[in-house]
Amino acid sequence: MKNVKVLGFMLLCLFLLPGLIEAQTRQIKGTVISAEDKEPLIGATVIVKGSLSGTETDIDGNFTIDVGPDAKTILIDYIGMVQAAVPVPKNDILNVALKSKELNLEEVVVTGYGNFTKSSFTGSANTLRADMLKNVPVVSVEQKLQGMTTGVNITSGSGQPGAVPTIRIRGMGSLTASNEPLYVIDGVPVTTGSMSNLGAYMNNAKTSIMSTLNPSDIENITVIKDAAAASLYGSRAANGVILITTKKGRTGRTQVTFRADGGFSDLATDFRPSLNGTQRRELLYEGMVNFASMNPGLYPDPQAYADAHIDEFAAEPWSGYTNWKDVLLRTATHQNYEVSATGGSDKTTFYASLAYNNQEGVVHNSNMDRYSARLNVTQKVGSRGELGANVMFSQVNQEMNEERTSASNPFFAIGAKVTPSYYPYNEDGSFSDYFPGNESTRNPLRDALLDYSRNRLTRIFSTGYASVDLLKGLKLKEILSYDYTTAKDAIYFNPMSGAGIKSGNDAMSQKGFNEYGKLISSTSLNYVKKFNKKHNLDVLVAFETEQYNTDKAEGSKSILPSELLFEPDNASQLLSFASSTSSSRMISYISRANYDYDGRYYLAASFRRDGTSRLSPQSRWGNFWSVSGMWQVSDEAFMQKLRPVLSDLKLRASYGVNGNQPGGLYGYMGLYSYGKNYNGNPGSYESSMPNPDLGWEKNYSLNLGIDFGLFNRVNISLEYYNRDTKDLLYSMPISMTTGFGNYLANIGQINNKGVELEVRSTNITNNYFNWNTVLNLAHNANKIVALDGKQEQSISTWFIHKVGLPYNSFYVKEFAGVDPQTGDALYYINSKDEQGNYDKSTTSDPTKANAIPYKQVDPKISGGLTNILSYRDFDLSFTFTYQLGGYSFDKTATYIETDGANEYSRNIPVYFENRWQKPGDITDIPRFVQNQPNILGSGTGSSRFVHSTDHLRLKNLTFGYTLPHKLTDKILLQNVRTYFSGSNLLTWAKWKQYDPEVPINGEVNCEAPALRTFSFGVEVTF
């Protein structure tokens, strides 16, 4: 009987158990919509935090999910939206409206030593989100910054794909050390600049190591401009810091995105428009007549003289006058394919991508392709630990055209060297060798098709980290990163090439490699604590080590047996061989502390001590620090009545010191070098003079800022900065009796000061139409405060570096126009009287005129204007860039603007149509006379060659259309967007002979100009 009772009890429990379990499990129902347009979000991911339980919303945005008794939080996620984490509702109903990431105005400033919201950051920084950078058709990420942030000036010495851009943040701060900012990717400083080993001598393009980074993998970019956060990076941050954060995984269902685009490119501006064959013949004929008229004793009949000789210089060839732009340039194409995936749980997240990009240059031997892959993974370990890894692989293949003043440079050929009377092919189809005045037989088309300069860049950049919460608020983190890059160069010049490095009629082949490895270890301890609900403290200490090694070699040989055999091993004569290895180390101790009271008063301080092997033991340690503060005035009680109008007001200030180390690894040492031949034996020589006192270049930076908002729609930021760079690293000239011409020393001082203004406005925002605008404007004034303490100026051709003047100032004879009666060029004499005033009387003899400091390269004002609009399923964004007050020097004009001295074997600018021809003509183009002396000479400048770089440019434009979800859901797709994107679409420039975005030093030759690009693409998310 007892057993029967036990059995009955067990059966009763068995029947009741499902009910008990059911009673503990709850069913949550709800709807997910967009906060922007109130439309349901189809396919949104809904999961219970801490479990594998999850579901997706249906076509109406509805969902149903079961939650256990211990469930506390539900995560809702949707592409392009801010993830929502909401408590499990007590009434089992959960309706959620997700906000668009584009409308999340609280930007995050990522410093690498902690992340801060924009409202709590005490320094000067700009953050660009991915939505502001997407679909801009560029190869390298730096180009996306142009016009998007204040105080950042981006120029390029070349428009070739993958070329190295030049970036200046708040002016230049060094004479011989680097002026480039520090790049930090996911918290790790990385290698930047050129990795070309051989090609550097022949062009400005080089191969940018940053072109290995796929721009689509970037989540946001933060530009740090003052010392508040930059001093944390110490010796590498004197010129600002660009922090790049790559995309991370997100919890929820795995989302796969495929993107493809393609298009074409041509020149952004008309490159050096020249006279056509008929116009040029007329001008040369006129110059011959003028020449003969000035020498009646030798040429009594000027027209007969001109008729007899004109065909020597301007004959019409068998194929008709040649338009060399049509011959040497092409419409370039580009294509890009990317696939990425992101997903994970609340424990593990991942982001992965694969991409291929190909972009042609506008000349035949200029192009670039890139293969890239990325995997970012994070893993929670228990309740306190986290592991993560970011791995990137990329390979870039780049081919570059010649860019010097060489017959092989297609742009120099177009601008100066090859005239319409020359022809690329003979009548039998072979390459023409008729190029008088162009180094005899140098055919630029043959060189473009047969010569090559190629670089293959292979990069593996891996970062791993582990962190653990030791106590509440106390986190220990270890980062280990290795950046490995190899660059392999190959150059070939055909037997008839016009490349200047090659001599004779023998082909030359050259190869080399450059291997670079950088290992960084960082250990940090971060403590975050809130006291009494109003006091917030954030303290960090860290220890870092950095080591990099390089290994490179290059060799060249000539006399190849065949034009089909390019390898140096096939050549018989060794021309050169060189190799080297080098290494450098740095050790750093870092600390920072941030404090705020009640979200109103903020104080921050940092200190970093760096030791580098590039300086002697007694000088190698440098101390770098900063202090900063902010007052959130709008949160004060006395401001509350003004909040409806003055929605935000804060005051910021910072001051600090950061530095720059020598670019050379052994600049402080007295060195012997080997590799010389001494009567058949190895020879050595003293190659550098020691300077044990060589020290850090120091940058002292002050920043004052005010931020205020109006009506919760307009946000304005105004900043003033003063930046003094002292103890400049400079190659000091010394007496040759020492056996050296100079040695590296710390001398001189440069100052940069300026004002920056940024205005962000929300013009319209409703359920259907949104329109936001960003305007930025910057003014920077640069000047030399001191050189070596003895000399006041240094002159080099048409440049002068003088105390009290901007570093990049021109030194030229001032052109005074053209004499209306004679057509002669006039120049101001510009001799100084006792009071220092210039004599502004004129002369037609340039030798009687004095060169003076004249104009500067850097613009007075520069900036950009960006508009981001969306209407229902359409989106439009565009950016204008502009600059005013800057100038450039046209070096090519010294070859082709000599009024008849050189033009008979060269091209002639189209503005010679406006030349002086008869008494009374008012023009700035002098009379054209054959064989007149080039009195200015090739090494003397005239302000006639100095031109304004003022311009307005439609830098980027993107127009897109996203298919409605009602359509995409039927084909099981989450999102489909098509778009058109373009760059450099329109340009309005004061001087139209060349592109207004000139090289950083202002000297313009015949570099590859900027491209105008049109791109069409589609993006699909599964």
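Guide: We can begin with a pair of charged side chains, those of aspartate 270 and lysine 325, which meet in a salt bridge with an N to O distance of 2.7 Å; a salt bridge here is a side-chain nitrogen of Lys or Arg within 4 Å of a carboxyl oxygen of Asp or Glu. Please keep in mind that this is a predicted model, in which local features need pLDDT of at least 70 and side-chain atom pairs count only at pLDDT 80 or more, while totals for chains, interfaces and linings use all residues. Residues are numbered from 1 along each chain as its sequence is written, and side-chain values use heavy atoms, with hydrogens and water left out.

Visitor: How many residues apart are aspartate 270 and lysine 325?
Guide: Aspartate 270 sits in the loop between S17 and H4, whereas lysine 325 belongs to helix H7; helices (H or I, at least four residues) and strands (E, at least two) are DSSP runs, numbered from the N terminus. The pair therefore links distant parts of the chain, and the separation is 55 residues.

Visitor: How many salt bridges does a search of the whole structure find?
Guide: Another example is the pair of arginine 600 and aspartate 598, whose side chains meet at 3.2 Å, N to O. Arginine 600 is buried at 15%, while aspartate 598 is partly exposed at 32%. For the whole structure, the search finds 40.

Visitor: What is the relative accessibility of arginine 953, which meets glutamate 997 in a salt bridge?
Guide: The two side chains come to 3.1 Å, N to O. Glutamate 997 lies in the loop between strand S50 (975-989) and strand S51 (1003-1004) and arginine 953 in strand S49 (residues 951-962), so the pair ties together parts that are 44 residues apart in sequence. Glutamate 997 counts as buried at 18%, and arginine 953 is also buried, with a relative accessibility of 0%.

Visitor: Why is helix H8 described as largely enclosed, and which elements do its buried residues pack against?
Guide: Eight of the eight residues of H8 (residues 410-417) are buried, so the helix is largely enclosed by the rest of the structure. At its start, a side-chain oxygen of asparagine 409 reaches to within 2.9 Å of the backbone nitrogen of phenylalanine 411. The elements that the buried residues pack against are strand S17 (252-267), helix H7 (324-328), helix H9 (444-450) and helix H10 (893-896).

Visitor: Which residues of helix H5 are exposed on the other side from its buried ones?
Guide: In H5 (residues 302-309), the buried residues are Pro302, Tyr305 and Ala306. Seen down the helix axis, they fall within an arc of 95°, taken from the directions from the axis to the C-beta atoms, so they line one face of the helix. What covers them includes helix H4 (277-293), and the exposed residues on the other side are Gln303 and Ala308.

Visitor: Which residues does serine 687 touch, leaving aside those up to four places away in sequence?
Guide: Serine 687 is part of strand S31 (residues 681-688) and is partly exposed at 30% relative accessibility. With contact taken as heavy atoms within 4.5 Å, serine 687 touches Leu671, Tyr672, Ser673 and Phe740.

Visitor: Which side chain makes a polar contact with the side chain of arginine 760?
Guide: Arginine 760, in strand S36 (residues 749-765), is buried with a relative accessible area of 19%. A polar contact is a pair of N or O atoms within 3.5 Å; within protein, one must be able to donate a hydrogen and the other to accept it, and residues adjacent in sequence count only if both atoms are side-chain atoms. At 3.1 Å, the partner is glutamate 758.

Key: Buried means under 20% relative accessible area, exposed over 50%, partly exposed in between (1.4 Å probe, protein chains only).
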